[in-house]
Amino acid sequence: RSIRETLKITDLYRTLAPESLQQEYDAVACAARHHDVVIGNQLAYAGAYAAKKLQKHWVFCAASPLAMPSWHDPPFFPYLHALQRAAGTNKHAQLILIKFARLASMWLMQRQIKLQKRLGIYDGSHPRFEGLYSKQLNIVAVSTSLLSPPPDWPPRTILTGFSWFDPTFLRNDTELARVNEFVQGAEAPIVIAPSGMQRIRPHDLFKVCIEVCKLIG
């Protein structure tokens, strides 16, 4: 109980067990009744549940390969990455850590499991992994230059390449000229792009980036 209470204050727990899950499901299910296809990622649990309950087509779009971990190329999980780095290429140690990540996250996701049971759609699968995968289409928005589909990914999974964001200034000649002037006017700028859990509290990341900028002048 004390461990679970401690984890409840973490970003990981809020991600795995959002308090608004029931409200999210109600909203998505209401909208999905009027559509044929529901698309969502590993943060959109309600989408998968609504699609299954209403028997709609479900397309799983993984925002990161972490959503579809492979035994052939284990990703680094939050809170376990130090141990995984220490394990290196030891396959047996990596498998143990992956199993631990699955068991621990399953334990923390009782809210999802209870909701699925109330809806009559729970089949015993992990609500964070295979419970979200689609039998029809799974999309991973990652470049094929960085990743090749491993053999243990679910069937009907494709890599689409990165999703490109087209900012409005690219369609504005004046703004685009200002950007080009900035880029070409001095030394190449440094781009800092927080991702993963760092998006939530990027302070430490920016402190490190500032120090790196100072070191390189």
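This report covers surface patches and strand pairing in a predicted model.

Residue numbers start from 1 along each chain as its sequence is written. Local features need pLDDT of at least 70, side-chain atom pairs count only at pLDDT 80 or more, totals for chains, interfaces and linings use all residues, and side-chain values use heavy atoms, without hydrogens and water.

**Surface patches**

Arg-111, Lys-114, Lys-117 and Arg-118 form a positive surface patch. Patch members have over 30% relative accessible area and no salt bridge; like charges are joined within 9 Å, and nonpolar side chains (Val, Leu, Ile, Met, Phe, Trp, Tyr) within 5 Å. A salt bridge puts a side-chain nitrogen of Lys or Arg within 4 Å of a carboxyl oxygen of Asp or Glu. Lys-117 belongs to helix α7 (residues 110-119). Helices (H or I, at least four residues) and strands (E, at least two) are DSSP runs.

A nonpolar surface patch has about 680 Å² of accessible area in total (Shrake-Rupley, 1.4 Å probe). Its members are Ile-190, Ile-192, Phe-206, Val-208, Val-212, Leu-215 and Ile-216. Val-212 sits in helix α9 (residues 203-215).

Exposed means over 50% relative accessible area, buried under 20%, and partly exposed in between.

| Residue | Relative accessible area | Class |
|---|---|---|
| Lys-117 | 55% | exposed |
| Val-212 | 41% | partly exposed |

**Strand pairing**

Two strands pair if DSSP finds at least two bridges between them. Strands β2 (residues 57-62) and β3 (residues 137-140) are parallel, with four bridges. Phe-60 has Asn-138 in β3 as its bridge partner. Strand β3 also runs parallel to β4 (residues 157-159), joined by three bridges. Here Val-140 is bridged to Leu-159 in β4.

Technical notes:
Lys, Arg positive; Asp, Glu negative; His and termini not counted. Charge placed at Lys NZ, Arg CZ, Asp CG, Glu CD. Buried < 20%, exposed > 50% of the residue type's maximum accessible area, 1.4 Å probe, protein only.
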